[in-house]
Amino acid sequence: MSRFWSDIVHSLTPYVPGEQPKIDGLVKLNTNECPFGPPDSVVQAIAASSGDALRLYPDPTGSALKDAVARFHAAQGITPTHVFVGNGSDEVLAHIFMALLRHPAPLLAPDISYSFYPVYAKLYGITLREIPLAEDFSIRVDDFLAAGPNGGIIFPNPNAPTGMALPLAELCRLLDGNPDSVVVVDEAYVDFGAESADQLVTQYPQLLVVRTLSKSRALAGLRVGYALGQPELIEALTRVKDSFNSYPLDRLALAGGVAAMDDVAWFQDACARIVATRSRMTAGLQARGAQVLPSAANFVFATFPGRDAEAIAAGLRGQRVLVRHFRKPARIAPFLRISVGTEAQTDTLLAALDQVLPTLG
Ligand code: PMP
């Protein structure tokens with residue numbers, strides 16, 4: 001007879017993040033981090049709040065960071081009352097699932113999407129209904145609107161791992177046709193060429209926009225993310241947060257987060273460089289026979305017709321280049337997701353492909 005908790009343990013499905021290698025010297029293009037380190041302004045702000053200050057608990061409201069986020073989005077009508085902050089957008093998403101998506105009607109998400117959503121849905125006992133992407137991998141708003149009653153809708157924009165963006169006009173159509181349940185737009189990759197829904201927040205009470213400092217602000221290691229929404233939804237998230245841990249972020253993350261939101265010049269320059277390198281990388285992949293989906297993210301989703309993507313990934317690893325391959329769902333198994341690196345890393349990737357592709361016949 002098994003112990004009563006065994007069934008519980010076996011029913012939990014953990015999320016498996018991309019590999020964080022323990023060896024040095026790899027060209028790491030597998031988890032969509034920023035290829036550049038954060039700016040000095042951020043490093044100095046973290047150093048300045050270290051030392052003796054660590055004796056003290058952090059601000060339980062995270063108000064300095066909410067203010068900085070509101071400053072960045074001020075032109076879109078965002079004030080601190082529209083902002084919720086957390087330890088990376090994964091934690092922000094977890095609070096959204098817990099606070100706002102536990103509804104008897106199913107949660108709708110694309111069938112090809114961020115693989116964390118099914119994990120959260122299962123953890124919180126939420127029925128997930130996956131809506132297939134179109135033939136060209138785009139999100140079809142009409143299919144979401146035709147799906148019947150829902151307890152919420154969630155998708156990344158740009159989508160992951162495809163990198164494809166949904167135009168804002170299409171998002172408005174979804175919001176107009178779906179006034180009564182929460183619509184979560186996960187904008188982890190929005191800064192690399194998609195239109196942000198931040199400008200819709202004051203207009204749509206059902207909208208939550210989730211953002212991260214992990215990608216375009218080079219702070220994946222610090223864990224800072226936030227949500228934008230009208231005060232009623234933000235209040236729901238705050239209530240749930242306070243029942244987990246009433247300190248949203250530690251002192252170092254708050255200080256680094258504020259400095260990162262305020263260093264707009266660095267942020268804009270980093271995004272522009274990544275977008276330029278993405279174009280060159282896309283052209284390089286296409287010159288080697290790849291089909292590349294149109295990307296608005298800091299990664300591309302590419303397939304080499306007639307070649308086994310898993311074998312290419314293994315071959316690249318042999319050349320010390322890490323990229324991401326997903327076995328499931330079957331429709332994306334022929335693809336590789338490759339993060340945009342530095343210019344030098346892009347050269348290394350393309351040279352490694354020149355070694356690997358001929359060996360695969
Ligand atoms: N959303 C999407 C679509 C992502 O790809 C990621 C990164 N894995 C996240 C959210 C979470 O990012 P973070 O927790 O670092 O903010």
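These legends walk you through views of a predicted model. Residues are numbered from 1 along each chain as its sequence is written. In this predicted model, local features need pLDDT of at least 70 and side-chain atom pairs count only at pLDDT 80 or more, while totals for chains, interfaces and linings use all residues.

View 1. Helices (H or I, at least four residues) and strands (E, at least two) are DSSP runs, numbered from the N terminus. The C-alpha atoms fill a box of roughly 55 × 55 × 50 Å along the principal axes. Buried residues, those with 20 or more other C-beta atoms within 10 Å of their own C-beta (placed from the backbone), make up 44% of the 361 residues.

**View 2. Lys 215 and its surroundings.** UniProt, in an unreviewed entry, lists Lys 215 for "modified residue: N6-(pyridoxal phosphate)lysine"; such annotations may be inferred rather than shown by experiment. Look for Lys 215 in the loop between β7 (207-212) and β8 (225-229). Lys 215 counts as buried because it has 27 C-beta neighbours inside 10 Å. Leaving aside neighbours within four places in sequence, its contacts (C-beta atoms, placed from the backbone, within 7 Å) are Asn 32, Cys 34, Ala 188, Tyr 189 and Asn 298.

**View 3. An open sheet of three strands.** The order is β9-β10-β12, with antiparallel pairing; strands pair if DSSP finds at least two bridges between them. Both β9 (291-292) and β12 (335-339) stand at the edges with a single partner strand each, so one side of each has no neighbour in the sheet. Five bridges join β10 (residues 299-303) to β12, and Phe 301 has Arg 337 in β12 as its bridge partner.

Terms used. Buried ≥ 20, exposed ≤ 12 C-beta atoms within 10 Å, placed from the backbone. Contact = placed C-beta atoms within 7 Å.
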